[in-house]
Amino acid sequence: MTQLTIIVPTRNEVDNVTTLFSRVNAAFADIQAEILVVDDSDDSTPFLVAEQAQISALPVRLLHRPRDERHGGLGSAVVAGARHARGEWVVVMDADLQHPPEVVAHLAQVAARHSADIVVGTRYAGNGSTGDGLDGARRTAGSSTATRLARALFPRRLATITDPMSGLFAFRRTAVQLDRLDPIGFKLLLEILVRHPGSTVAEVSYEMAARHAGDSKASVKEAMTYLRHLTRLRRHRLAGQLTQAPKTKRERVQQLGRMVAFGLVGLSGVAVNTAALWAAYSAAGLNHLLGAAIATQASTLWNFALIELLVYRGKGNGTWTSRAVRFWAMNNLLLLLRLPVLQVLVLTGIGVLVSNGITLVVLFLLRFLLSDRVIYGTRTGEPARDPVHLLVDHGPHAEPVVSGKRRSSYLKYRYDIAGTVTIGSQIMLPELEFFRAQWVADDSVDIAVRVGDVGNRRPRRRAAMTEFADPATLRYEEHLGRFGANFRVQLGDQINIVVGPLLARSPHVVYTNIVEALLRFVLISRGRMLLHSACVTLGGVGVMLSALTDTGKTATILRLLRDHGGRFLSDDMTVVDAQGNAVCFPKPLTISSHTLRAVNATDLTSKEWRRLQWQSRLHSKGGRSLALTLAKFNVPIMGINAITQMLVPPPKYTVDRLVPCKLGSTTTVEELFIIERGAPAIADLTFEDTVERMITNTDDAYGFPPFRYLAPAITVGGLGYAELRAKERQILQGFLANIRTRSVASDTFGWADEIPKLIRPAAVPVPVPAAVREQDTFPNWRAATRLAPSGGTA
Ligand code: GDD
Ligand code: MN
């Protein structure tokens with residue numbers, strides 16, 4: 001299947017066609033693509049295109065629109081092209097080589113790699129620029145005014161997009177509903193963005209080139225068309241917002257409540273307005289229309305303050321200043337409606353103050369609906385876009401690994417993960433304590449974690465994830481600026497992580513959200529997988545458990561160990577290879593008081609028990625899903641996470657503190673149980689089903705933002721994200737090949753009673769060489785390494 005359709009709209013581009021085709025063919029030599037030219041020309045452009053199609057390496061199609069089908073111009077041409085596109089992705093570029101084909105190819109590759117729906121070529125972020133693209137100061141000013149206008153009218157939908165006017169962009173064909181679009185003029189991207197509010201968007205910076213030949217079709221007429229397009233989009237959106245009635249009974253009741261509160265505030269506002277009008281008209285003797293205008297300013301101020309504080313309590317669409325501006329604009333627009341009515345009423349002989357009051361009361365419902373549904377946007381009904389600005393920056397990246405003169409780069413803590421990956425860190429990583437290996441040389445670790453300054457000193461309006469190509473670096477910045485929870489990951493033979501000072505004080509966040517996620521990929525490149533699962537040996541048999549979060553996996557593991565002896569390998573993540581072997585990963589366990597009670601753990605002090613009440617609440621599924629919900633909003637999620645964990649550290653205890661047990665270093669897994677809640681049942685799972693479940697379950701463990709924004713940009717050992725994922729799946733398939741998998745459902749948390757009965761008794765002891773047999777000396781990676789040589793450790 002074709003991966004990509006390159007749509008090139010053309011209108012009278014004779015002098016560009018030949019160069020365009022040769023450069024596009026060169027740039028897309030390694031990409032499976034087709035070219036689709038949508039032509040509205042009156043010159044010989046289509047004939048030249050047909051000629052080029054004969055010699056083009058990429059397949060070419062030409063859609064020539066006769067004169068009477070060109071309504072909508074450039075925008076409708078692209079939509080027409082998209083309807084014929086065969087690619088999974090569509091990339092749109094100009095024919096005049098202002099969008100350098102090499103840049104377009106890069107953008108297409110980013111699109112294929114990332115999970116975004118829309119990828120925008122931007123001239124206004126990172127190293128992007130308009131270059132020689134916009135000739136003349138007038139055009140430059142025009143373009144930036146147009147951009148600002150659009151962003152002002154759609155502050156939320158365009159919040160993470162710096163160049164909504166771009167003519168260079170790509171979209172996943174299934175993510176854009178072409179029937180929702182009815183573009184006029186040049187700004188199709190804007191319309192796509194506005195009409196697909198839930199789509200995920202990434203940007204790629206580029207420098208615009210000068211037109212190769214011919215003239216721009218941008219004109220004063222296009223500018224007028226743009227304004228028409230913009231007002232039409234805004235009008236449609238407004239209508240959409242106003243008609244978004246509440247759906248459930250509860251929401252209707254809530255709306256009624258807000259309406260009553262709004263009405264009461266409004267009544268007090270009428271009093272303020274009338275008093276102000278009296279002062280201006282009766283006392284100061286001003287004209288009654290002027291008086292009404294002045295009175296409106298006073299009551300607007302009054303109403304806004306009360307509505308903001310009492311009715312919506314600071315919650316709503318955008319910042320309070322933007323709401324104030326919108327509220328003010330609404331009341332003054334309504335004032336323009338009210339003045340002629342006021343004049344008519346006054347002429348019929350009704351007093352000025354009473355007439356004014358009537359116009360205010362009559363518009364109550366409209367004012368309420370506009371405030372409730374547009375300004376405060378209590379119901380949007382549609383998913384909002386991710387709050388993080390995602391940018392792939394093409395230029396060089398200059399930040400040094402460790403900045404700040406007074407900082408040392410020495411890695412005080414060193415860890416050796418199962419003889420496969422080494423990590424060095426300036427902050428202690430409690431999760432890896434078991435793997436402490438101070439003999440690992442400071443300068444030869446695979447992953448280094450340092451504390452340093454990342455990104456800009458100034459605070460910013462929203463979080464940003466930026467990907468640089470050279471050297472391959474990922475940078476995450478948050479609202480609090482450099483002192484917040486920023487971090488940077490430089491990829492290469494050695495992975496260099498730099499975390500900001502706030503993060504440095506919260507090692508759990510650093511470990512779970514950054515280090516472990518990267519460790520996963522390094523392990524893959526070395527033929528191992530970090531599988532989301534628990535592992536023990538019972539009577540010499542390797543047993544693995546898997547479950548959704550908060551099912552009862554940890555309690556089951558602890559009970560198995562307490563009641564049946566056996567050895568502990570892991571509770572959360574297990575290192576596995578394609579031969580069915582598991583290597584221990586004994587991180588401290590995150591426990592709840594519930595779990596502890598299930599095993600009658602006795603060693604905890606009363607202080608620890610008391611703290612556990614708080615800790616369990618915050619660090620359970622509930623806390624996690626709260627954080628995930630928060631992450632949908634424009635908040636510094638890493639910072640919040642870090643501070644939360646500093647105040648209430650997660651309840652982590654090493655396994656042998658909770659139940660007496662021994663650790664095992666490696667085992668060959670024979671049984672896998674997926675434990676579930678529900679009516680008691682035991683069922684065999686097919687191989688395919690097991691693979692899918694384990695993949696989903698593992699993904700789930702890494703889905704936490706901001707890492708999910710960063711993951712697609714990762715390359716380790718020459719493998720890209722997609723390749724690493726494919727390799728991980730292979731390792732998993734190999735691992736599971738000889739393992740029996742069953743699902744065990746229980747509604748009484750009774751898994752620990754069932755599982756031992758289900759395990760094949762190790763009746764015929766498998767002859768194992770002494771070195772491989774469980775032993776008490778640690779670390780004993782050699783056994784595992786011998787069973788499965790891990791590729792490329794050197
Ligand atoms: N099919 C078709 N129909 N193509 C058209 C039409 C039309 O009515 N009008 C223009 N085009 C083609 C041109 O042939 C060219 O390939 C491309 O669309 C862009 O037109 P230009 O005339 O070069 O526009 P521009 O350079 O001023 O504007 C570019 O930059 C803007 C941002 O500053 C475009 O990419 C705009 O979309 C973009 O907003
Ligand atoms: Mn152009």
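**Exercise 1.** In which strand is Thr574 found? Work out also whether Thr574 is buried or exposed, and which side chains make polar contacts with the side chain of Thr574.

*Solution.* The model is predicted.

Step 1. Locate the residue: Thr574 belongs to strand S20, which covers residues 573–577.

Step 2. Take its accessibility. The relative accessible area of Thr574 is 0%. Buried means under 20%, so Thr574 counts as buried.

Step 3. Look for polar partners. The side chain of Ser533 is joined to that of Thr574 by a polar contact of 2.9 Å. The side chain of Ser570 makes another polar contact with the side chain of Thr574, at 2.6 Å.

Step 4. List the other surroundings. Setting aside neighbours within four places in sequence, the residues in contact with Thr574 include Met529, Leu530, Leu531, Ala534, Cys535, Met544 and Phe585.

**Exercise 2.** Starting from Phe585, describe the largest nonpolar core: how many residues does it have, and which helix gives the most to it?

*Solution.*

Step 1. The largest nonpolar core has 116 residues. Phe585 is among those with the most contacts inside this core, along with Ile6, Phe28, Ile417, Ile423, Ile497 and Leu503.

Step 2. Helix H14, residues 507–525, gives the most to this core, with 12 residues.

Step 3. Check the contacts of Phe585 itself, leaving aside neighbours within four places in sequence. Among them are Ile417, Leu432, Phe435, Tyr511, Leu519, Leu569 and Met573. Phe585 also touches Glu516, Ser570 and Thr574.

**Exercise 3.** Find what caps the N-terminal end of helix H9, and state which residue follows H9.

*Solution.*

Step 1. H9 runs over residues 288–311, and Asn287 caps its N-terminal end. A side-chain oxygen of Asn287 lies 2.6 Å from the backbone nitrogen of Leu289.

Step 2. After H9 comes Arg313, with a positive phi near 45°.

**Exercise 4.** How many cavities of 30 Å³ or more does the structure hold, and which elements give two or more residues to the lining of the largest cavity?

*Solution.*

Step 1. There are 5 such cavities. The largest has a volume of about 110 Å³.

Step 2. Its lining includes Gly266, Asn273, Thr296, Asn303, Asn331, Arg338 and Arg367.

Step 3. Helix H8 (249–283), H9 and helix H10 (320–347) are the elements that give two or more residues to that lining.

**Exercise 5.** Which residues does UniProt list for the domain "Glycosyltransferase 2-like"?

*Solution.*

Step 1. The unreviewed UniProt entry lists residues 5–175.

Step 2. In the model, the end C-alpha atoms of residues 5–175 lie 15 Å apart, and the span is 37% helix and 18% strand.

Conventions
Residues numbered from 1 in each chain as written. Chains lettered and ligands numbered in written order. Predicted model: local features only at pLDDT ≥ 70, side-chain atom pairs only at ≥ 80, totals over all residues. Heavy atoms only, no water. Core = buried A, V, L, I, M, F, W, Y, C linked by side-chain atoms within 4.5 Å. Buried < 20%, exposed > 50% of the residue type's maximum accessible area, 1.4 Å probe, protein only. Helix = DSSP H or I, 4+ residues; strand = E, 2+ residues; numbered from the N terminus. Contact = heavy atoms within 4.5 Å. UniProt positions renumbered as here; feature names shortened; annotations may be inferred. Polar contact = N/O pair within 3.5 Å; in protein donor to acceptor, adjacent residues only side chain to side chain. 1 Å grid on protein atoms, 1.4 Å probe; cavity = no way out; pocket = protein on both sides within 12 Å on 5 of 7 lines; lining within 4 Å. Points joined across faces, edges and corners; volume = space filled by probe spheres on them.
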